[in-house]
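Biologist: Could you walk me through this structure and tell me what stands behind the words you use?

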Amino acid sequence: MTIAIDTSDNPAQSPEGIVPMRIGIPKEVAAGECRVAATPDTVKKLRKLGFDVFVEQGAGVAATFPDPAYEAAGCHIVSDAKSLWQQVDIVLKVRPPQFHPELDIHEADLLRPEQTLASFIGPAQNTALMNHLASREATVLAMDTVPRISRAQKMDALSSMANIAGYRAIIEAANHFGRCFTGQITAAGKLPPAKVLVIGAGVAGLSAIGTARGLGAIVRAFDTRPVVKEQVASMGAEFLELHLEEDGSGEGGYSKEMSQAFIAAEMALFTHQAKDVDIIVTTALIPGKKAPLLITRDMVEAMKPGSVIVDLAAEQGGNCELTHPGEVYTHQGITIVGLTDLPSRMAAQASQLYGNNLYHLLNDLGGSQDFSVDMSDEVIRGTTVIHAGEITWPPPKPSTPAPSAPKSTPEKPPEVVVESPKRGQMVRQVVGLGLVGIALVAVGRWAPESFLSHLTVFVLACFLGWKVIWDVTPSLHTPLMSVTNAISGIIIIGGMLQISNDLTSPTTILGAIAVLLGTINIAGGFLVTQRMLNMFRK
């Protein structure tokens, strides 16, 4: 992109002679708008991308960013808006271009051919503005059409502003609600917690839920998309459900229009909740369409006096029948907040987030030296609504990958008859038992009677010892160990009394074996006990 500009006053010209592109930050002219498209912090980031930044005098004052702060960040302060628009290549704004009361001209008429504008546009609602901007043969990037995909989250200005709007909605509700949010028990009496219903669990709704929970309120939430149930529950709110098998998930993370049966059921739910809750926050929006009506006059009149409704969809008509866009209205003791400038009421943080979104957008566009509007990039294509005077909105729907063919079921391999391993094992067991039986018969036939009595005691001791050790639960092993050590001591004493006879005598040999095994058992017990005690030492 090559633009002829006057570079006589450009102090940032590179040693190679490449003229850095110029970014202009005009002052917002919309009534009550306090945000600015760049803060001193984001200006520093833009300068690192190679841009020269020009700021209209007083552009950031309403957001608590005075001109000296921009000058300290390396900006050039321009005294009037017309001069600013004329000498920059890229214009960054918050609100869509509109009539400039001081210049007596529409801001779109200040846009030059081959110039680039990035701001909120609202292409679905502002057809006349789109045609006006296209006639200027410029390129327009709409920050409200950034595709809602993972790669574009860093430049998703709608989510950034919705997050602030949800927080501010609860703050506005608390301002108009004449009670504490959290429940208290004092000497003077008990204060019940406030009950808050949030309709719509998108970015703004979740932000409102988190803020209300943080203030101590009992929070309920409703959304037509069942997938947000876990998010709502994770924030400590109760998710209200309609037992209808219908999913309201639409494109871009928004909801879609529901069936009449579903709408009737949710309206009955809202009527019931309106009689119980103290505050209702509505956030339901459908892109490009009027906000759906969720809170009727009857529901408002059914609420308790002093209750509050905050309608975050007021700019698109409102979710409440009695909402007055841009106003705070009271109907039969119910306060209805229809403010449309909630992010602007937190201008410093909103400007910082929006400026970061714009920085990431310009970074993806290649910075100053490699700046280009690559229409093959899915994110840039979705953000670009006018390219060199040609209206390119709406963008084509992203191609969805074809469903993969089902995997073919592999043919069943032919069965191979093999000899079962259990059969050989059974044969070996039978043979082993037979040999043991023959040995016992031989011992009983030729061994002396005294040997048989000792052998019987030995076999029974082995069997009982094995059962005691292997059938006991692990938690009882330590108490059992002390018992076995005591038994081993008795066995050692008994064995020592038997080894005083002839060394070749079976009694002496068995006694020696008993002393050896008892000693091993006692020594092993002490060793295991020591290791267990070491585990509890720091």
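Modeller: Here are some questions and answers about this structure.

Modeller: This is a predicted model, in which local features need pLDDT of at least 70, side-chain atom pairs count only at pLDDT 80 or more, and totals for chains, interfaces and linings use all residues. Residues are numbered from 1 along each chain as its sequence is written, and side-chain values use heavy atoms, with hydrogens and water left out.

Biologist: Why is Asn-357 called buried?

Modeller: Buried means under 20% relative accessible area, while exposed means over 50% and partly exposed is in between (1.4 Å probe, protein chains only). Asn-357 has 4% relative accessibility, so Asn-357 counts as buried. Asn-357 is found in helix 10, residues 347-364; helices (H or I, at least four residues) and strands (E, at least two) are DSSP runs, numbered from the N terminus.

Biologist: Which residues is Asn-357 in contact with, leaving aside neighbours within four places in sequence?

Modeller: Contact means heavy atoms within 4.5 Å. The residues in contact with Asn-357 are Met-143, Lys-154, Met-155, Asp-156, Ala-157 and Ser-160. The side chain of Asn-357 also reaches the backbone oxygen of Lys-154 at 2.9 Å.

Biologist: And why does Pro-147 count as buried?

Modeller: The 17% relative accessibility of Pro-147 is under the 20% limit, so Pro-147 counts as buried. Pro-147 lies in the loop between strand 8 and helix 5. Not counting residues up to four places away in sequence, Pro-147 touches Ala-152, Glu-378, Val-379, Gly-382 and Thr-383.

Biologist: What makes strand 7 and strand 8 a pair?

Modeller: Two strands pair if DSSP finds at least two bridges between them. Strand 7 and strand 8 (residues 139-142) have four bridges, so they pair, in the parallel sense. Here Ala-118 stands opposite Leu-141 in strand 8. Strand 4 (residues 90-92) is joined to strand 7 by three bridges, also parallel, and Val-91 stands opposite Leu-117.

Biologist: Which way do the residues of strand 7 point?

Modeller: Thr-116 and Ala-118 point one way and Leu-117 and Ser-119 the other, and all are buried.

Biologist: How do helix 5 and helix 6 cross?

Modeller: Two packed helices are described by the angle and the distance between their axes. The axes of helix 5 (residues 157-176) and helix 6 (residues 203-214) come within 7 Å and cross at roughly 35 degrees. Axes are lines fitted to C-alpha atoms, for helices over the stretch in contact, with angles running from 0 to 180 degrees between N-to-C directions.

Conventions. A polar contact is a pair of N or O atoms within 3.5 Å; within protein, one must be able to donate a hydrogen and the other to accept it, and residues adjacent in sequence count only if both atoms are side-chain atoms.
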